[in-house]
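Colleague: I have this one open on my screen. Please walk me through it.

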Amino acid sequence: MQKIADDLDIVQLMYFSRATNFRNSIEFDRDVRDILDHSRAYNPLHEITSALMTDGEMFAHVVEGPAIAVENLYFKIIYDERHANIITLQSVSVHVRLFSFWPIAFIRVKNICFIRTLNAQSVIGA
Ligand SMILES: Cc1cc2nc3c(=O)[nH]c(=O)nc-3n(C[C@H](O)[C@H](O)[C@H](O)COP(=O)(O)O)c2cc1C
């Protein structure tokens, strides 16, 4: 797998959302397959690397890339009807990508837990 070079101007964005079709596993699986197929073609062309985690109901997605590429992609993602209740957890500049080998790593977990406290928020997949 080819590593995408780190850059001084990389944005790392993370959001959390709920799948529209989480009650129908056939439709949910089809949605995820279509998202992954599209992302595996699109993301490398735009120097995007990412990791998508789901427990069958919620998505947690980390998207990394040049600021303009991340912004353009996120604009498409937030209007995508395959999910809703989108919460942007963070959008920060980083020097090193976490998923530099992955156009879109896919991680299926049993349970995603979103914890929000007064001073911090985090996503835990188990
Ligand atoms: C949870 C979720 C994650 C997504 N992640 C990506 C992604 O990393 N890359 C991508 O190209 N599309 C992703 N998509 C799909 C986009 O929302 C959108 O459908 C796609 O970019 C095609 O948009 P277009 O038809 O306007 O070109 C994702 C969709 C969802 C629901």
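Colleague: Let's start in the sheet. Which residue of β3 does Ala51 stand opposite?

Modeller: Ala51 stands opposite Val62 in β3. Strands here are DSSP runs of E with at least two residues, and helices are runs of H or I with at least four; both are numbered from the N terminus.

Colleague: How do β2 and β3 pair, and over how many bridges?

Modeller: They pair antiparallel, over 6 bridges. Two strands count as paired if DSSP finds at least two bridges between them.

Colleague: Before we go on, what sort of model is this?

Modeller: It is a predicted model: local features need pLDDT of at least 70, side-chain atom pairs count only at pLDDT 80 or more, and totals for chains, interfaces and linings use all residues. Residues are numbered from 1 along each chain as its sequence is written.

Colleague: What is the average pLDDT?

Modeller: The protein averages 90, and 85% of the residues score at least 70. pLDDT is the predictor's confidence in each residue, from 0 to 100.

Colleague: Where is confidence lowest, and where is it highest?

Modeller: Strand β7, residues 121-125, is lowest, with a mean of 65. Helix α1 is highest, at 98. Where pLDDT is low, the predicted coordinates should not be read in detail.

Colleague: Noted. How many helices and strands are there?

Modeller: There are 2 helices and 7 strands. Along the sequence they follow β-α-β-β-α-β-β-β-β.

Colleague: Back to the sheet. What is the strand order?

Modeller: An open sheet of 5 strands runs β4-β1-β3-β2-β5, with mixed pairing. Its edge strands are β4 and β5 (105-108), each pairing on one side only. The twist averages 15° from one strand to the next. For angles, axes are lines fitted to C-alpha atoms, for helices over the stretch in contact; the angles run from 0 to 180 degrees between N-to-C directions.

Colleague: Which strands does each helix lie across?

Modeller: α1 lies across β1 (10-19), β2 and β5, at about 175° to β2. α2 lies across β1, β3 and β4, at about 150° to β3.

Colleague: Let's look at β1. How many bridges join it to β3?

Modeller: 9 bridges join β1 to β3, and the two run antiparallel. Arg18 stands opposite Met58 in β3. β1 and β4 are also antiparallel, joined by 9 bridges. There, Ala19 has His83 of β4 as its bridge partner.

Colleague: Is β1 enclosed or open?

Modeller: β1 is largely enclosed by the rest of the structure, because 8 of its 10 residues are buried. A residue is buried if 20 or more other C-beta atoms lie within 10 Å of its own, exposed if 12 or fewer, and partly exposed in between; C-beta atoms are placed from the backbone. Across the protein, 25% of the 126 residues count as buried.

Colleague: Take Ser17, in strand β1. Buried or exposed?

Modeller: Ser17 counts as buried because it has 20 C-beta neighbours inside 10 Å.

Colleague: What is Ser17 in contact with?

Modeller: Leaving aside neighbours within four places in sequence, Ser17 contacts Phe59, His83, Ala84, Asn85 and Ile86. Contact means that the C-beta atoms, placed from the backbone, lie within 7 Å.

Colleague: New topic. Which residues are closest to the ligand?

Modeller: The closest are Ser39, Tyr42, Lys76, Ile77 and Asp80, and 17 residues surround the ligand. A residue counts as near if its C-beta atom, placed from the backbone, lies within 6 Å.

Colleague: Which element gives the most to that shell?

Modeller: α1 does, with 5 residues. α1 (25-45), β2 (49-54), β3 (58-66) and α2 (67-78) each supply at least two.

Colleague: How do the shell residues divide by type?

Modeller: They divide into 7 nonpolar, 7 polar and 3 charged. Ala, Val, Leu, Ile, Met, Phe, Trp, Tyr, Cys and Pro count as nonpolar, Asp, Glu, Lys and Arg as charged, and the others, Gly among them, as polar.

Colleague: Last topic, the backbone. What is the phi of Glu47?

Modeller: It is positive, about 55°, although Glu47 is not a glycine. Most residues other than glycine have a negative phi. Glu47 is in the loop between α1 and β2. It is partly exposed, with 16 other C-beta atoms within 10 Å.

Colleague: And what is the phi of Asn85?

Modeller: Asn85 has a positive phi near 50°. It sits in strand β4, residues 83-94. Asn85 counts as exposed, with 11 C-beta neighbours inside 10 Å.

Definitions and conventions:
Contact = placed C-beta atoms within 7 Å.
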